[in-house]
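I opened this notebook to keep track of what I looked up, one topic at a time. The sequence and the model come first, and my entries follow.

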Amino acid sequence: MNTYEVRKQIQKENKNKLIGEIGMVLFLLVILCCIVFVGRLSNPFHVLDSKNGKDLVKEYEAGTDYVKVRNATLEFTGYYKEDKNNNILYNCYATVIGEEKFFVFVPAKRSGKDPKDPDKTLSNYSFTARMHKDSELLSVVAKDYELTVEELVETDVISTIVLDEADLDLTRMYIIWIALICVILLCILYCIISYVHLKSIYKRKEILELQKYGPIDEVLDAINEEVANHLVFDSIALKITEQYLLAFRSGKVYIQKCKYITNVLITSKVKKAYGIVKLGYENFLQIYEGEQVVFELPMENEIEAKEILEVMNRKKQ
């Protein structure tokens, strides 16, 4: 004959809770990975020290986002960009790295004393830039030279990669990456703490509260004896004895003496997956202590739900 052991039931719920928490953490990590790879976050931790233009192009195509250029000579191209208030955001220069020529977006404040009259040449100019492509600039340049963008690209006169110092975005990327790394580390730490906490049933808040009835092991033994000899209602998720009510749901545990339960009601609520996606309505058994709902248990069987209500109503009489 199999005997009921409440400790094993609690341990099982601990495992269910841990699996659920790890699942949610993994789901969060997948979302973070999607943000990084699908959202194409720039990597500020790898800054290419450019000496050869062709290598720079290869590194960009391989995924490098930032480049450091030292002691370059920049020539003003005549192109610039303004904001909606007609303030100069940056001036467009050109520089040669190795055998490749690149457009460089230089911040207005570094283009000379007067942003609207920038220095024609910037000598020994060192800067860090974000590499990207600017189709708008290529369209303007192609139009000025009476070419199509495709024809301009085919001339190979200048690279389609822009070195953007004006919109470097390096600090913001550092902040985003550090925040992502901290979230990942916190998720891992949370899993470790949950594992340590749930490894023992005696660390659960619900079990520690049983101390008010006596030593925990003695109370658990008394519950086992109650289930074995004084069981009034029995199901997988709920057991009612002469003295105790035991309920279990997706890693949650509720153990209380029946005399402290003030009410038990059946209510219909919206069923949600992961607390977000609505899956219709479902009946729940609500357990009250005083005026507060302390535990909710899904009830798929209406006959079983009515039987539970009858059992608890008899106990109140």
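The entries below go through pockets, a cavity, a surface patch and salt bridges.

**Entry 1: ground rules.** I noted that this is a predicted model, in which local features need pLDDT of at least 70 and side-chain atom pairs count only at pLDDT 80 or more, while totals for chains, interfaces and linings use all residues. Residues are numbered from 1 along each chain as its sequence is written, and side-chain values use heavy atoms, with hydrogens and water left out.

**Entry 2: the largest pocket.** I looked up the terms before the values: on a 1 Å grid over the protein atoms alone, a pocket is an open set of points with protein on both sides within 12 Å along at least five of seven lines, a cavity is a set where a 1.4 Å probe fits but cannot get out, and lining residues have an atom within 4 Å of a point. Grid points are joined across faces, edges and corners, and a volume is the space filled by probe spheres set on the points. The largest pocket came out at about 580 Å³. It has 23 lining residues, and R249, S250, G251, K252 and P298 are the closest to its centre. The elements that give two or more residues to this lining are α1 (6-37), β9 (244-249), β11 (263-273), β12 (277-289) and β13 (292-298); helices (H or I, at least four residues) and strands (E, at least two) are DSSP runs, numbered from the N terminus. I found the largest share, four residues, in α1.

I then sorted the lining of the largest pocket by class and got nine nonpolar, six polar and eight charged residues. In this sorting Ala, Val, Leu, Ile, Met, Phe, Trp, Tyr, Cys and Pro count as nonpolar, Asp, Glu, Lys and Arg as charged, and the others, Gly among them, as polar.

**Entry 3: the second largest pocket.** Here I read a volume of about 390 Å³, with 16 lining residues, of which E206, E209, V253, Y254 and V294 lie nearest the centre. α6 (205-208), β10 (252-257) and β13 each supply at least two residues of this lining, and the largest share, five residues, comes from β10. By class, the lining of the second largest pocket holds seven nonpolar, one polar and eight charged residues.

**Entry 4: a cavity.** I found two cavities of 30 Å³ or more in the structure. The second largest cavity has a volume of about 30 Å³ and is lined by L138, L152, V153, I158, S159 and T160, which divide into four nonpolar, two polar and no charged residues.

**Entry 5: a nonpolar patch.** F45, Y174, I178, I181, I184, L185, I188, I192, Y195 and V196 make a nonpolar surface patch of about 900 Å². Patches take residues with over 30% relative accessible area and no salt bridge, and join like charges within 9 Å or nonpolar side chains (Val, Leu, Ile, Met, Phe, Trp, Tyr) within 5 Å. The areas come from the Shrake-Rupley method with a 1.4 Å probe, and for residues only the protein chains shown count as cover. Y195 lies in helix α5 (residues 170-199) and is partly exposed at 44% relative accessible area, where buried means under 20%, exposed over 50% and partly exposed in between.

**Entry 6: salt bridges.** I looked up the count and found nine salt bridges, each a side-chain nitrogen of Lys or Arg within 4 Å of a carboxyl oxygen of Asp or Glu. R7 and D217 meet in one of them, at 3.1 Å from N to O. R7 lies in helix α1 and D217 in helix α7 (residues 216-229), so the pair ties together parts that are 210 residues apart in sequence. R7 counts as buried at 18% relative accessibility, whereas D217, at 37%, counts as partly exposed. E5, R7, D217 and D221 are linked in a network of salt bridges.

A further salt bridge joins E165 and R110, with the closest N and O atoms 2.3 Å apart. E165 sits in the loop between β6 (161-164) and α5, and R110 in the loop between β4 (100-107) and β5 (121-133), 55 residues apart. E165 is buried at 10%, and R110 is partly exposed at 36%.

How values were computed:
Buried < 20%, exposed > 50% of the residue type's maximum accessible area, 1.4 Å probe, protein only.
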